[in-house]
Amino acid sequence: MRLQRVQVPEFRVLKDVDITFEKDFVPNIFPIGSQNGGGKSTLLQLIFILLHCSINPERHVFLRNMLHGFTIDKDSINCLLPYIKFIL
């Protein structure tokens, strides 16, 4: 499995995150930098939970924990949730 793209329009402190991982990028290391409270841990947790827990129903409790307190504004007609694209 290879991560291709991560899009997070708005989730907790993350806003308008759009990261594309190039196929031929070597080494396969991607540094993440930000100030304290900038969302580094949130981004990594979100990627982990969506990749490893969304497919297995026994792990859906981890999705619920991650999304605890996340609400969609009733006035929002369109709302895009975090999106992760990967290839096998």
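## Strands and helices

Helices (H or I, at least four residues) and strands (E, at least two) are DSSP runs, numbered from the N terminus. With these labels, Asp16 lies in strand S2. The model described here is predicted.

Helix H1 covers residues 40-53, which makes 14 residues. From its first C-alpha to its last it reaches 19 Å, close to the 20 Å expected at 1.5 Å a residue. The buried residues of H1 are Thr42, Leu43, Leu46, Ile47, Ile49, Leu51 and Cys53.

## The nonpolar core

The largest nonpolar core has 14 residues, and the members that touch the most others are Val8, Val17 and Leu43. At least two residues of this core come from each of strand S1 (2-11), strand S2 (14-20), H1 and helix H2 (60-66). H1 supplies the largest share, 6 residues.

Val17 shows how one core member meets other parts of the chain. Apart from its neighbours within four places in sequence, Val17 is in contact with Val6, Gln7, Val8 and Leu43. Two of these partners, Val8 and Leu43, are named with Val17 as the members touching the most others.

## Two residues with positive phi

Arg12 has a phi near 50°, which is a positive value in a residue other than glycine. Arg12 sits in the loop between S1 and S2. Its relative accessible area is 39%, so Arg12 is partly exposed.

Asp16 also has a positive phi as a residue other than glycine, with a value near 55°. Asp16 is placed in strand S2 rather than in a loop. Why does Asp16 count as exposed? The relative accessible area of Asp16 is 69%, and exposed means over 50%.

## Thr42 in helix H1

Thr42 belongs to helix H1. This residue counts as buried because its relative accessibility is 13%, and the cut-off for buried is under 20%.

Leaving out residues up to four places away in sequence, Thr42 touches Phe11, Arg12, Leu14 and Met66. Another, Met66, falls within the range of helix H2 (60-66).

Ile32 is found in the loop between S2 and H1. Ile32 counts as partly exposed because its relative accessibility is 36%.

Which residues does Ile32 contact, leaving aside its neighbours within four places in sequence? They are Lys40, Leu43 and Leu44. For one of these pairs a separation can be given: Ile32 and Leu44 are 12 residues apart in sequence, and their C-alpha atoms are 9.5 Å apart in space.

## The largest pocket

Rolling a probe the size of a water molecule over the atoms shows where empty space is left. In this model, the largest pocket holds about 320 Å³ of space. It is lined by 15 residues, and the closest to its centre are Leu3, Phe21, Asn28, Ile29 and Phe30.

S1, S2 and H1 each provide at least two residues of this lining. H1 gives the most, with 3 residues. Sorted by class, the lining has 11 nonpolar, 2 polar and 2 charged residues.

## H1 in summary

Leu43, one of the buried residues of H1, is in contact with Val17 and with Ile32.

Notes:
Residues numbered from 1 in each chain as written. Predicted model: local features only at pLDDT ≥ 70, side-chain atom pairs only at ≥ 80, totals over all residues. Heavy atoms only, no water. Expected span 1.5 Å × (residues − 1). Buried < 20%, exposed > 50% of the residue type's maximum accessible area, 1.4 Å probe, protein only. Core = buried A, V, L, I, M, F, W, Y, C linked by side-chain atoms within 4.5 Å. Contact = heavy atoms within 4.5 Å. 1 Å grid on protein atoms, 1.4 Å probe; cavity = no way out; pocket = protein on both sides within 12 Å on 5 of 7 lines; lining within 4 Å. Points joined across faces, edges and corners; volume = space filled by probe spheres on them. Nonpolar A, V, L, I, M, F, W, Y, C, P; charged D, E, K, R; others polar.
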